[in-house]
Amino acid sequence: MPSLPPAIVPLLSPFASLFDVRTWRKAQILLTGVILAPGRRTVSTALYVPGLQDRGDFALFHHVLSRVSWSSLAVSRVLPGQLVRQLVPTGPLRLAIDETLERRWGERIEALGVYRDPVRSSHGHFVKAKGLRRVSLMLLAEVSWARRVWALPFLTVPAPSRRYHETRGRRHKTITDWARRMPCLLRRWLPDRELVVVGDRTYATLRLLAACQGMEPPITFPTRLRLDAVLHDPPPPRRPGPLGRPRVVGARQPSLQAVPSDPATVWTALAQRWPDGTRRHLQAATGTALRIRPGPAHRLPALAAPARPERAPGPPGPALHRPRLEPHGHPHRVPAALAGGGRVPGGPHPPGCRNPAPVVGSRHRPHHPGPAGPLGWLILVAHHRHRARSLRPRQAAWHAKTVPTFADVLAGVRHVLWMQALPFFMSPTTPDIRKRPQPPPTPLLAALMLRRLAQTPTPSF
């Protein structure tokens, strides 16, 4: 079976102490099979590619994800430490939080539900899909040799539907309830780093933002605001004499819909680099306000920053970008944090299992690297290999690439694993040519067969 090359072992050794000896040996086999497997990545496929389809104890590999007790939260704690140390050693850490849908089907899959498909849906076409919904926290790391910002997931929390909790008699937790715990964990793991977490309008809840504001040091959380959001000035200083409790907020500010058309609005020119590498010139209007909400977190200082493309001097037109909300932030950091949104590379996922996550004891809710966990680790492997040997993009007559993509990263790691399992050599200088024995090795035949089955269309009856 393919073994891990010596260049990859140091990047995987920090996780060895989180497993026992037998589980760690099985986890390495599954990781090798997942990287080499084409098409769907399941436990069976991960065993078939290395040539272990004849093992009678195949059920023990399923137990790694369903029965063996190992802390997936501890795995999620080690992974961001490596990512930060290698990719973002200094400066503020930019992160993104978003929910994702892992498309799965089957009657015995736990926490299975029907949700909106964010990839296939649009404003005029609504698509539902069956699967597992998760909330992912990703590190936005700028990879120098790729010349782009990649979103590398390292912490994922399952977020089942309301029906799932009601049928089991549990209190339902929304997406923002699960998301509120994730920055708290990250602040505990990285107490000395400045954190900037970016989210869409789903996470523009005052309870989540107030939790980030109440940490020490606070976490900056840029997110989108509604154009009809109610904003107020800070309360005026209390004068001596009047009775009653002091005012909570001041006068109400004009609606954000009126800001772009107001001639008195002051616009600031900004130049931001987009994820595709291009630089765009924007104009932003910033200001501070207070949002109120009944309850403990009734006041939240906010920074609203409507943005628009740069234009010639004259009366400003309508804003093309929704305003941002950022507690304890700087005006120029809001567009910078949101314009640098990362791209999640598509690659191998962990082998599928009926349970939604590895077991973390009997009473703890699982937090684990999730369906895209190995993506960040593969970027680390490519970054480590790039120091010794430059990673070149694969060229084709119909697709001329100038920088490596994640497909090139995956192909490079697979090449290293195959060379370790099937050591091919150049032709010797002697005239005697030694051919490899026939038939070809079992792992190579398994990979070719799975690749052909993945490309063969399913017949319809």
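Predicted model: local features only at pLDDT ≥ 70, side-chain atom pairs only at ≥ 80, totals over all residues.
In terms of secondary structure, you're looking at 12 helices and 12 strands. And if you take the contacts with a separation of 6 or more, 66% of them are between residues 24 or more positions apart.

Now let's zoom in on helix H2, which covers residues 21–36.

How far apart should the ends of H2 be? Well, there are 16 residues, and at 1.5 Å a residue the helix should span 22 Å. The end C-alpha atoms are 23 Å apart, so that agrees.

Is H2 mostly covered or mostly open? Mostly covered: 12 of the 16 residues are buried. Among them are Trp24, Ala27, Leu31 and Val34, and also Lys26, if you want a charged one to look for.

So who does H2 talk to? One partner is helix H4, residues 59–66. The two axes come within 10 Å and cross at roughly 95°. Anything from 65 to 115 degrees counts as roughly perpendicular, so that's what we call H2 and H4. On the H2 side, the residues making the contact are Thr23, Lys26, Ile29 and Leu30, and on the H4 side they meet Leu60, Phe61 and Val64. Sort those by class and you get 5 nonpolar, 1 polar and 1 charged.

Let's step back a bit along the chain, to Leu18. You'll find Leu18 in the loop between helix H1, residues 9–12, and H2. Is Leu18 buried or partly exposed? Partly exposed, because its relative accessible area is 24% and buried means under 20%. Leaving out residues up to four places away in sequence, Leu18 touches Trp70, Ala74, Val75 and Val78. Take Val78 there: Leu18 and Val78 are 60 residues apart along the chain, yet their C-alpha atoms are separated by 9.7 Å.

Last stop, a different part of the chain. Thr156 lies in strand S4, residues 148–158. With a relative accessible area of 0%, Thr156 is buried. What does its side chain make a polar contact with? That would be the side chain of Ser136, at 3.4 Å.

That's my tour, thanks.

Methods
Residues numbered from 1 in each chain as written. Heavy atoms only, no water. Axes fitted to C-alpha atoms, helices over the stretch in contact; angles between N-to-C directions. Helix = DSSP H or I, 4+ residues; strand = E, 2+ residues; numbered from the N terminus. Parallel < 35°, antiparallel > 145°, perpendicular 65-115°, else oblique. Contact = heavy atoms within 4.5 Å. Buried < 20%, exposed > 50% of the residue type's maximum accessible area, 1.4 Å probe, protein only. Polar contact = N/O pair within 3.5 Å; in protein donor to acceptor, adjacent residues only side chain to side chain. Expected span 1.5 Å × (residues − 1).
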